[in-house]
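The sequence and structure come first, and the notes follow by topic.

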Amino acid sequence: MTDDNMKLWYKKAASVWEEAIPVGNGRMGGMVFGSTGKEHIQFNEDTLWSGYPADYSTHEAEAYLHKARKLIMENRLLEAQSLIKKHILVPFNQSYMPMGSLYLDFKHTGEINEYKRELDLRTAVAKTQFCVNGIEYVKEVFATAVDGIIAVNLKADRPGSISFSASAGSILKHEISAGEKILIMKGKCPSHVDPSYYKGPDPVVYDDDVDNRALTFEARVFFKSCGGKTYSRKNNIIVENADEVTILLAAATSYNGYDKIPGREGKNPSRLCEEFLFNVKDKDYKKIKEQHIKDYANLFGRVELELGPNDKACFPTDERLLNFSKGQEDNGLIALLFQYGRYLMISSSRPGTQPANLQGIWNRELRPPWSSNWTTNINTEMNYWPVEACNMKECHEPLLNMIAELSVTGKRTAGIHYGCRGWTAHHNVDIWRQSTPVGKLSSSDLIVACAFWPMGGAWLCRHLWEHYAFNGDIDYLREKAYPIMKGAALFCKDWLVEDSSGNLITCPSTSPENVFKLSGGEYCGVCSNSTMDISIIRDLFKSCIKAAGILGQDKEFSEELAGIMGRLKDFETGKHGQLMEWGEDYEEADMHHRHLSHLYGLYPGDLIDAKKDELLKEACRKALERRGDGGTGWSLAWKINLWARLMDGDRANKLIKRQLKPVVTTGIDYSNGGGTYPNLFDAHPPFQIDGNFGVTAGIAEMLLQSHNAAIHILPALPSLWKDGCVKGLRARGGYTVDIEWAMGEYVNICITPDFDGKFLLKYKDKAIEVKARKGKKYKFNRDLA
């Protein structure tokens with residue numbers, strides 16, 4: 001792939017946030033507008049959240065749980081739904097906050113010529129360049145994980161040509177001061193922020209100085225000039241007639257862990273900012289940039305993708321997007337979108353940081369959509385679908401660490417709220433690792449379909465198992481993953497109840513965010529034994545049994561889980577031939593609903609093998625057909641992965657094209673479906689990053705699958721991807737896989753194992769078993785020879 005096709009580029013500055021270029025180092029994120037007059041860099045820090053640790057578990061919930069079960073068994077579903085909302089749900093959790101903005105106000109006089117701004121995915125450097133009065137200006141911005149800061153460099157090809165004033169601000173409560181070559185912004189977060197969809201009387205609440213529970217924060221902006229003059233005036237920094245300027249932006253909060261009240265037990269953000277700047281301010285810009293690129297490229301450079309000839313990279317990205325939507329084929333844009341997803345993951349999730357939330361780490365709003373939290377009924381998991389297959393295992397660590405922390409708060413919720421052992425989590429999680437079912441203050445009982453869903457912990461455990469499955473680290477499995485998986489399995493074991501036929505079922509049960517029609521026409525979201533519940537439980541139990549076998553422990557527990565699995569209901573087919581979503585064949589209130597929860601067993605799970613079970617394959621296909629090819633951005637991404645598992649590459653590619661529909665709507669809009677913003681952010685709308693990660697995972701799934709004890713090459717290759725190659729994808733079992741194909745058929749395969757052992761290689765109906773040695777490259781020609 002050429003360097004040009006690894007760039008997003010534009011002929012004009014961003015006029016709205018969804019046109020700005022994102023940069024990030026896992027902890028800090030920035031949105032770069034590329035303006036020639038007043039440059040705007042909006043920035044975030046990943047621990048800046050409203051609120052403080054709080055536990056909403058309530059002892060009364062368990063008693064009402066038993067009452068709800070009785071009502072459901074008596075088919076009094078609406079009464080059960082109302083009871084759950086009133087007595088089991090709890091208030092909303094907290095929101096991810098924007099920290100601030102840096103403004104650079106230039107005084108260019110004259111016409112702007114030769115403007116271009118770009119993001120180079122190979123280097124993670126955003127660049128803006130233009131000419132004024134014959135002088136070329138170049139501005140570079142990147143967020144370096146090496147030094148933990150955002151760096152800005154300004155150059156001109158004529159000495160003494162750089163002059164500007166710099167200021168900072170925030171929509172949170174803050175104070176600004178300016179010293180010699182430095183701006184300092186100090187502020188504090190609200191102690192509570194309601195979700196944007198809730199219309200309460202006091203949506204944003206700040207503590208007084210007595211309570212002092214919420215986070216405090218600080219940002220420092222340091223200016224290094226070559227030539228000219230730098231000084232402060234009021235709360236601005238003034239630079240006059242410099243040859244070159246480097247700006248270093250450091251930020252920190254008082255966050256000291258999910259269980260510490262930050263206003264009283266927090267870290268000192270001033271000291272943290274001082275340390276960041278002390279460690280970097282004496283480095284020259286070239287060194288900072290070189291170290292950043294080396295660190296970033298170590299992750300990004302592991303995977304390459306080409307999907308045939310690329311002749312459209314000469315067009316600006318927004319024009320490519322528009323032309324693609326009008327029918328112009330551009331496989332290079334699809335490859336760019338794939339790599340952009342990898343860029344966003346590396347930029348928003350690094351060891352030691354928080355996991356990528358609904359917006360990664362990029363948020364500009366005080367009350368962001370859905371609180372910009374971790375929504376664990378699909379969105380958080382989708383964020384991390386590509387990390388293992390796309391060779392970014394280090395980026396998985398923040399999520400795995402959050403799951404460990406959530407298992408602690410979730411143990412309290414399981415015990416107090418439900419009287420169960422183990423641990424649980426529901427659909428919304430914040431930085432304080434809230435694990436209770438939030439949503440009580442909603443005006444409608446139908447909120448129960450979203451909020452009452454104690455399967456979040458069990459689903460998250462799939463990531464613990466997948467990390468082991470791809471990498472084979474037995475110490476990790478023994479010490480970290482399996483104990484947490486076992487805890488989630490204990491909860492599920494206790495959660496199951498016996499029905500009148502002797503089956504073990506979940507009750508109450510929901511299929512996340514979807515509702516059905518009762519015989520009287522009423523809408524309801526509560527029943528028993530949704531397909532997703534049973535799929536997640538079966539998937540978790542299966543992984544626990546495998547893990548215990550590998551570790552040589554818990555034989556009796558594994559036998560108990562196997563016995564329980566034998567009493568779970570199998571997948572069922574409904575009146576339309578579709579895979580049933582609920583315990584009964586209810587009519588969907590919205591046949592085209594965005595969630596595809598009943599298809600969990602097909603993807604991301606591996607309970608349904610499309611190669612072996614034609615009846616279930618057809619039931620899944622029918623369910624997907626009924627949902628249609630529309631949907632929000634992340635919903636389209638899930639469908640791409642599902643069609644890939646059904647080995648229908650052309651249908652998956654159709655949905656990729658649908659996801660690349662240009663979108664300009666920035667508010668919440670379910671009616672017109674999702675797509676892509678000019679900066680290639682996924683549009684729900686509004687912006688949600690899960691769709692970016694989901695489509696990257698989907699493209700990888702089309703090219704390589706390894707979920708059923710085999711390495712399956714090109715299982716869902718679209719007819720329009722006639723020629724191409726991919727290097728560096730990962731397969732379960734610890735394999736790195738390179739594939740080259742021409743005219744729709746593979747030409748060369750190279751597989752490099754991490755361990756001694758054997759693997760089964762499949763291509764269409766051909767298969768070969770290979771005895772492998774660690775580190776050796778195994779190459780195969782057209783005949784799998």
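Seven strands form an open sheet in the order β2-β3-β4-β5-β10-β17-β16, and their pairing is antiparallel. The edges are taken by β2 (21-24) and β16 (229-233); each has a single partner strand, so one side of each has no neighbour in the sheet. From one strand to the next, the twist averages 20°. The model is predicted.

- Strands β3 (residues 28-32) and β4 (residues 38-45) run antiparallel and are joined by 5 bridges.
- Residue G30 stands opposite F43 in β4.
- As a general point, strands of a sheet pair through backbone hydrogen bonds, in either a parallel or an antiparallel way.

**The five-strand sheet**
- A sheet of 5 strands is also open, with the order β19-β31-β32-β33-β36 and antiparallel pairing.
- Its edge strands are β19 (304-306) and β36 (778-780), each with a single partner strand, so one side of each is left without a neighbour in the sheet.
- The twist in this sheet averages 20° from one strand to the next.
- The antiparallel pair of β19 and β31 (residues 724-731) is held by 3 bridges.
- For E304, the bridge partner in β31 is K727.

**Helix α6 and its surroundings**
- Helix α6 spans residues 317-325, and its residues T317, R320, L321 and F324 are buried.
- Viewed down the axis of α6, the buried residues fall within an arc of 100°, so they line one face of the helix.
- After α6 comes G327, which has a positive phi, near 110°.

**Packing of α17 and α19**
- Helices α17 (residues 633-645) and α19 (residues 690-703) pack with their axes 8 Å apart, at an angle of about 10°.
- Because angles under 35 degrees count as roughly parallel, α17 is roughly parallel to α19.
- The crossing of α17 and α19 is left-handed.
- On the α17 side, the contact is made by G633, W634, A637, I640, N641, A644 and R645.
- On the α19 side, the contact is made by D690, G691, G694, V695, A697, G698, E701 and M702.

Note on methods. Residues numbered from 1 in each chain as written. Predicted model: local features only at pLDDT ≥ 70, side-chain atom pairs only at ≥ 80, totals over all residues. Heavy atoms only, no water. Pairing = 2+ DSSP bridges. Helix = DSSP H or I, 4+ residues; strand = E, 2+ residues; numbered from the N terminus. Axes fitted to C-alpha atoms, helices over the stretch in contact; angles between N-to-C directions. Buried < 20%, exposed > 50% of the residue type's maximum accessible area, 1.4 Å probe, protein only. Arc of directions from axis to C-beta. Parallel < 35°, antiparallel > 145°, perpendicular 65-115°, else oblique. Left-handed = near helix turned anticlockwise from the far one by under 90°. Contact = heavy atoms within 4.5 Å.
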